[in-house]
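Please read it with the structure open.

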Number of protein chains: 4
Amino acid sequence: MTGDLIGGQVEDNNVNFLAISPPSPVSMSCPEKVEAAVDLIIKAERPLVVVGKGAAYAQAEDVINQLVEMTQLPVLPTPMGKGVVPDDSPLCISAARSKALQEADVILLLGARLNWMLHFAAPPRFSSKVKIIQVDICPEEMGNNSASGVALPGDVGVVVSQIVKNIKSRSVQFKFSADSLWWSLLRKKIEANVQNVQAMSNDNSVPLNYYAAFSEVQRAIPKDCIIVNEGSNTMDIGRTMLPNIFPRHRLDAGTFGTMGVGVGFAIAAAIYCRDHWPNKRVVSVQGDSAFGFSGMEIETIARYHLPVVIIIFNNNGISYGIKEDTWENAKKAGDLFITVPPTSLQPNTRYEKLIEAFGGKGYFAKTKEELRKSLQSALKDQTPSIINVMIDPGAQRKTQEFFWLTKSNL
Amino acid sequence: MTGDLIGGQVEDNNVNFLAISPPSPVSMSCPEKVEAAVDLIIKAERPLVVVGKGAAYAQAEDVINQLVEMTQLPVLPTPMGKGVVPDDSPLCISAARSKALQEADVILLLGARLNWMLHFAAPPRFSSKVKIIQVDICPEEMGNNSASGVALPGDVGVVVSQIVKNIKSRSVQFKFSADSLWWSLLRKKIEANVQNVQAMSNDNSVPLNYYAAFSEVQRAIPKDCIIVNEGSNTMDIGRTMLPNIFPRHRLDAGTFGTMGVGVGFAIAAAIYCRDHWPNKRVVSVQGDSAFGFSGMEIETIARYHLPVVIIIFNNNGISYGIKEDTWENAKKAGDLFITVPPTSLQPNTRYEKLIEAFGGKGYFAKTKEELRKSLQSALKDQTPSIINVMIDPGAQRKTQEFFWLTKSNL
Amino acid sequence: MTGDLIGGQVEDNNVNFLAISPPSPVSMSCPEKVEAAVDLIIKAERPLVVVGKGAAYAQAEDVINQLVEMTQLPVLPTPMGKGVVPDDSPLCISAARSKALQEADVILLLGARLNWMLHFAAPPRFSSKVKIIQVDICPEEMGNNSASGVALPGDVGVVVSQIVKNIKSRSVQFKFSADSLWWSLLRKKIEANVQNVQAMSNDNSVPLNYYAAFSEVQRAIPKDCIIVNEGSNTMDIGRTMLPNIFPRHRLDAGTFGTMGVGVGFAIAAAIYCRDHWPNKRVVSVQGDSAFGFSGMEIETIARYHLPVVIIIFNNNGISYGIKEDTWENAKKAGDLFITVPPTSLQPNTRYEKLIEAFGGKGYFAKTKEELRKSLQSALKDQTPSIINVMIDPGAQRKTQEFFWLTKSNL
Amino acid sequence: MTGDLIGGQVEDNNVNFLAISPPSPVSMSCPEKVEAAVDLIIKAERPLVVVGKGAAYAQAEDVINQLVEMTQLPVLPTPMGKGVVPDDSPLCISAARSKALQEADVILLLGARLNWMLHFAAPPRFSSKVKIIQVDICPEEMGNNSASGVALPGDVGVVVSQIVKNIKSRSVQFKFSADSLWWSLLRKKIEANVQNVQAMSNDNSVPLNYYAAFSEVQRAIPKDCIIVNEGSNTMDIGRTMLPNIFPRHRLDAGTFGTMGVGVGFAIAAAIYCRDHWPNKRVVSVQGDSAFGFSGMEIETIARYHLPVVIIIFNNNGISYGIKEDTWENAKKAGDLFITVPPTSLQPNTRYEKLIEAFGGKGYFAKTKEELRKSLQSALKDQTPSIINVMIDPGAQRKTQEFFWLTKSNL
């Protein structure tokens, strides 16, 4: 765009306003197929509802909550589907995600895709006998990585209404028993994981581990804030440690896993809030590597006085556990290019100074207490801010049962 | 593909047979929208049902015929939608196509797209006030070139069933009156056009005009044969002169208007018939220019003894009315490159000899009688054949009300 | 292009004639490099000059003939480089091609590329110790598949002049001895191959083998005709059996090996001859498979009365030696699709009838005598013609020492 | 690249070292064309030598300096060709660029392209009668935007040697007279421009104008430092204000004018210097908008302790002269999005703090004296540094005779 175009002015009545496109048409599924799907759900021994971002985009939260409360089915959200059913609902079994996916015999998939985010629905991450009921706006998704089950194309909200109506129309009202073996297995797994996470969260060692830092963030931020979350470990662990109570209140890298999206997402969310939700705050939790991709865009945040709080989990990049003395020795020996992995970032970067260059407020936190006070101060204030939290370069996620890209036939 | 791959052999049990994809999911429309659509139809003064190839692909003929017979609505097929409602039905108003499209106030569009084949639904070819009810498998088509009306996404057959059910559920049964002004206007237009065509068909001048030649073809070919039809005038006029009684029995260039597809279509249709409809014949009517694109593929027809009858309407290419003496004079003067348009083909080519080179039978026809006898002989026999019919190079379509690509804002 | 554009007319003075681009700049090589190249040539024990189509395009024939006659170096043309040095020159060692390439210790490469046409200059088709002097207009070609030797970028004619001048400037005049071991080895190989070919050419069995048919063609056609030659075996064997005495008188598939180019090449050559060389004829020798790709374009040859002779070497397609009785049995059993390889064409196609459809003359030849008479008649006449020569479906090239795509590290 | 690949180790003898490609072949021009070119030069009344980056890449500086000193021809470098002939040579007429290009009758173009950088060689920026001698490695460049003149394809150094040799071989030695009208016109123009620039350089107003700031930079930096220079006005004015005495010592956006290349260029140059020229410094002068594109990469500079000095010419982005009070008022009125052009950056950004975040040294300069002291300190030290120089947002280039993209037929 040329400069005169960017800086030009035009009279309102010289603007050619285009008619907006008509509202999206709403499609629904055949009653026979809905009947077949409900039959599957009712007969299931280990049923599971998976809620994807398609359900959030379709604004289908009311009818989905009606369905799961009526049936007491266990619910698992995908990262961007979090909040459609509140993360603090007793039906939400995120803390038993691996087990739930692996042992479910019938999955009701609401607006989620069977790509690598859901392990291609393939063993060993899924049961080879699982039947999947796909509810999706896009007919071409049906049968992708899942030949069996029932295909329910259509608007997620409308199709779930069809399911609810079908269940209600039956003579015997269906409710999945809280005393079932499946619920007791899931509850047991959840408890174990909660304890595991609790232990790590309680660890006050400095530098902090991810769980300890996240537990402070979780406690401090408003329940209704917009959470932007990106990075590698920072995003993965943030998906479990930062609960969403409302739908469409979380932005992360989603399906493609792209790094560098955080600051842009935060700007977009803040402008939306300014116009629609003036009382909501935007909190962006980012790994230091991820932040580096587009960190300069904090200038835009500062320029328009957007009250964004950026929290950088700073473990010196993808440093494979390399500590400061390695750096010191390498520097003395003059072989930084050889000794230090090229994915590492310089240790102890003071990211909080960056926002100061643009007139914002910077905070530096090594301990839980410093983090807590920084959060309180930053959230009380409307000034753009960065909280730079030092994370142990050797810290990792809790031990995982599967390698993250596990697929049987790779 | 390498030669050893093409000529190789493999044991059956070494073949990795892939599971076929599950049947396409069936989607339907919301009852509220179906209600709104039926309201529109009932209140219409000049309603029209347009049947596209999507309706044929969806195999929705039974329920569509049920709808139009029940309601007595006038029906217009697109070229590849011909035969869903039989062309000889009294409801089919193809002979009044331009008038019907131009004056209809409500159009029920079944599996057809509003592209140039339907003049972008724009004036002057359509009324500026027409309301269009779009029934289509593809939600993205909704609102294309038509913002008003009702969007009914879903499987054409299922959605038409919803429409039929809604109409039946109403207290007063809807039927569009045969005595309406609309029907009398359409009937009058049809009669005028039929007479017009009849006059041209009766013209026995040699070389023949298109209508005279087509009337012989129409009379001779079996009602259930597969009609392949391509070219420019040859395809356009063939769309009106060769009726289809059954759905999915016509192949032409369709939406893209590509030339050179005829021989390939004929081969595909003949192989399908060999396996599924051994009593049906394939008849391919092609312009000489169109045939030239891929005429050599008659070798494949001959190689596998496919009983295809190719009828070439030979007007010496796109010759702009240039006659033989122009050619003779140009040849004598040695300026063929300058005098004769580069789109013209050599006059009086004996295309029938081409099939003889491959062991088939060739026929040459200048008069109606020669054409009639050639058709009788070719259809009695199972040998691949070409009938080379000489058409007057100056012959054209009957006068059209609109230029074929008419669009108001072009 | 729209019809009105094609058929329109415009006044000469309304045409915007563009200035033609300036003549290509001429570049030459450094004297030091030319010196180094001549040093290599003089010290070589088994030198070879390879002449490519770049030499023909550069119109460098005079100075190249001056060089090779002065030095008596053995010369090998690439297919499109044939005729730069006449194929009947005693210096031309095409009949010992494989041996020459394989044992040469220094190659002077004039306008040819080291791609698969020259076996990537790699063992076992080339000596691992060969030094290649590359003369090429394109600097980026230097070092391609050949790291050693000397790079002489520039116009082929100018650089060869530099070489000639350098050789002449030396105190002792260089001439490669006819009594050298290298020349005696090459001559011995040539004699053996000539006898081998002679034996096959003398075979009068019907259907004819390739060599027998080509020997008749070679005898009949004028020495100065433009030879178009395409196909698989038909082109490969035609490269050795149809000599070129003049440069730029042969058109074949060249580097890319594309089939279906023959008829188009023949049309282009005939139009060029009409305007520049009215006494020269165009003779196109094509395999039947290759002809099928664009055979319909003979309509253009006929339309403009271009005096082209097309000779089709008809072995029933790529039939892997399948004979007529296989076809007959398959036809009876109704399993043509299974028994006959999909690359085979129908046996005994009468291609000569195709040209008759367009008013040309067709000839059918099974024996040498029929072929001879057909050629005499076709060449005497100016009418477009096709000679359909039946070739034994089991006929092949003479035994080759290497598989044609041989490359050591494939 | 996967993490294990990045972090992995391999034994030296398991590495497959590829042979490096042979040195580029050297081509030269025909003696006849060189003769014609020298004829043109000798007869010229207003000759000009233009030295492009191709001459720098070809390392042709010695022979080019020999040519121009011998002939006393005026020389004009392109931005990346600066230093081939030292900018402080009396033959260098950069300060009269527009006049020289516009009035030259013969241009010897050494390794430069006639694209928009040289105004497509079209009027009114060039004389319509100019004859251009193109010396270029790429034959396809010949005749681009310049049909007349002489084409000398080949290596710039070798072709200039041919020119020198040709001139020397002539009976009367050619030297372009210092008393010529052309030289006196050029010298007069240079003087006027130098005075003009001097006046702006002497202006001590705060904030500084570009020329005042550049004059301080010019004085402070070592003559042999590598100058990186990018931005809009910052780069354009830097091309005239920062002289190069050595070839290949300047990196800017070059032909494509891309912004955001500066930090990357500085890193590359610093790594090269570390290995080859340990005593040379890298100084990068960048506009603030340009710096913002990739400013975060200063982390890499800091991580590897590269002694780069970045000087940011900070005029608050492309702010069209907007001052601080506009910002303040807009902030109070809450209409920053409307009032301030979207290309503006926040005023008074403290870029020097960014490098402090990574452990480097930051400097802030509003006056000449502050700039001078900052430069002294930064250059004395080996620590990575940023000097943030405040520039008047309303400052511009000196008045130009032509709009920068002037082309007669645009």
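How many residues of chain D are in contact with how many residues of chain A? The first point takes this up.

1. Contact between chains D and A. This is a predicted model. In it, 28 residues of chain D are in contact with 27 residues of chain A. On the chain D side, the elements that supply two or more residues are helix 1 (3-7), helix 12 (298-303), helix 14 (336-339) and helix 15 (352-357) of chain D. Helix 15 of chain D gives the most, with 4 residues. Sorted by class, the side of chain D that touches chain A has 14 nonpolar, 8 polar and 6 charged residues.

2. Contact between chains C and B. Here 27 residues come from chain C and 27 residues from chain B. The elements of chain C that give two or more residues to the side touching chain B are helix 1 (3-7), helix 12 (298-303), helix 14 (336-339) and helix 15 (352-357). Helix 15 of chain C gives the most to that side, with 4 residues. The residues on the side of chain C that touches chain B divide into 14 nonpolar, 7 polar and 6 charged.

3. Symmetry of chains C and B. Chain C is superposed on chain B by a rotation of 180 degrees with 0.0 Å of shift along the axis, at an RMSD of 0.1 Å. The two copies are therefore related as by a two-fold rotation axis. The C-alpha of chain C nearest this axis belongs to Leu354(C), 2.6 Å from it.

4. Surfaces used by chains C and B. Of the interface residues of chain C, 100% are also interface residues in chain B, so the copies meet through the same surface.

5. Secondary structure and extent of chain A. Chain A has 16 helices and 12 strands. Its C-alpha trace spans about 75 × 65 × 40 Å along the principal axes.

6. Why does a radius of gyration of 24 Å for chain A agree with a compact globule? Because a compact globule with 410 residues would have a radius of gyration near 22 Å, the 24 Å of chain A agrees with that expectation.

7. Burial and contacts within chain A. Of the 410 residues of chain A, 48% count as buried. Among contacts in chain A with a separation of 6 or more, 74% are accounted for by residues 24 or more positions apart.

Conventions:
Residues are numbered from 1 along each chain as its sequence is written. Chains are lettered from A and ligands numbered from 1 in the order in which they are written. This is a predicted model: local features need pLDDT of at least 70, side-chain atom pairs count only at pLDDT 80 or more; totals for chains, interfaces and linings use all residues. The radius of gyration is taken over C-alpha atoms; the globule rule is 2.2 Å times the number of residues to the power 0.38. A residue is buried if 20 or more other C-beta atoms lie within 10 Å of its own, exposed if 12 or fewer, and partly exposed in between; C-beta atoms are placed from the backbone. Two residues are in contact if their C-beta atoms, placed from the backbone, lie within 7 Å. Copies are superposed by least squares on the C-alpha atoms of residues with pLDDT of at least 70 in both. Ala, Val, Leu, Ile, Met, Phe, Trp, Tyr, Cys and Pro count as nonpolar, Asp, Glu, Lys and Arg as charged, and the others, Gly among them, as polar.
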